[in-house]
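Hi,

Here is the structure I promised to pass on. Have a look at it, then read my notes below.

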Amino acid sequence: MLDQIVFYFFAALAVISAVLVVTRRNVVQSAIFLITALLATAGIFLQLHAEFLFIVQVILYAGGIMVLFVFVIMLVNLDVSLQRIQFNRQWWLGLLLALVLGAQLTIAVAVGRSGLPLGEPAPAKMLEPSTQLVGRVLFTEYMLPFEVASILLLVAMIGAVVMAKKKV
């Protein structure tokens, strides 16, 4: 019972903050609500005993990606973008598309419910430790792609700093 309450709390927090991300006019507030949605998703991962996904969600997305978003917000000239508000008169089109998408989702769930038999979940004692297994495979079999990806990310970070420095 407590697991369901915690799940519904994190799910509601994620959905509400995701809605607030797209409805706020202030981009800093949208970034804060995006961080909230990412942390709520991390809480769901932690509740599902997926510790690796929890850590990746917190460090990579809520930490690293959001720092990049904040830097972009700081570098973009918001005065120019606020003067070019030209799509706010088309709210009816957005509402129509949201209703169509909601109808498609409802039909897909209604049709797919009968055709998708789900088995019993595996007992918790039979599951292998996910974080240790992922770490072992990542640093043995996939060591070269892991290092190549880290070097590419380092080069991209240095390139972003150099580009930002030239404009200042």
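These are my notes, going from the whole chain down to single residues.

This is a predicted model, so local features need pLDDT of at least 70 and side-chain atom pairs count only at pLDDT 80 or more, while totals for chains, interfaces and linings use all residues. Residues are numbered from 1 along each chain as its sequence is written, and side-chain values use heavy atoms, leaving out hydrogens and water.

The chain has 7 helices and 0 strands (DSSP runs, numbered from the N terminus: H or I of at least four residues for helices, E of at least two for strands). Of its 168 residues, 9% are buried (under 20% relative accessible area with a 1.4 Å probe, protein chains only; exposed is over 50%, partly exposed in between).

Now for helix α3, residues 51-75. Its 25 residues should span 36 Å at 1.5 Å a residue, and the end C-alpha atoms are 34 Å apart, which agrees (the expected span is 1.5 Å times one less than the number of residues). There is a bend of about 30° at M66 (the angle between axes fitted to the seven residues ending there and the seven starting there). M66 is also buried, as are Q57 and A62 in α3. Part of the cover over the buried residues of α3 comes from α2 (27-47), where contact means heavy atoms within 4.5 Å.

Last, the rings: there are 3 aromatic pairs (Phe, Tyr or Trp rings, using the six-membered ring of Trp, with centres within 6.5 Å; planes under 30 degrees apart are stacked, over 60 edge-to-face, the rest tilted). F9 and F10 have ring centres 5.5 Å apart and planes at 55°, so this pair is tilted. F9 is exposed, at 52% relative accessible area.

Cheers
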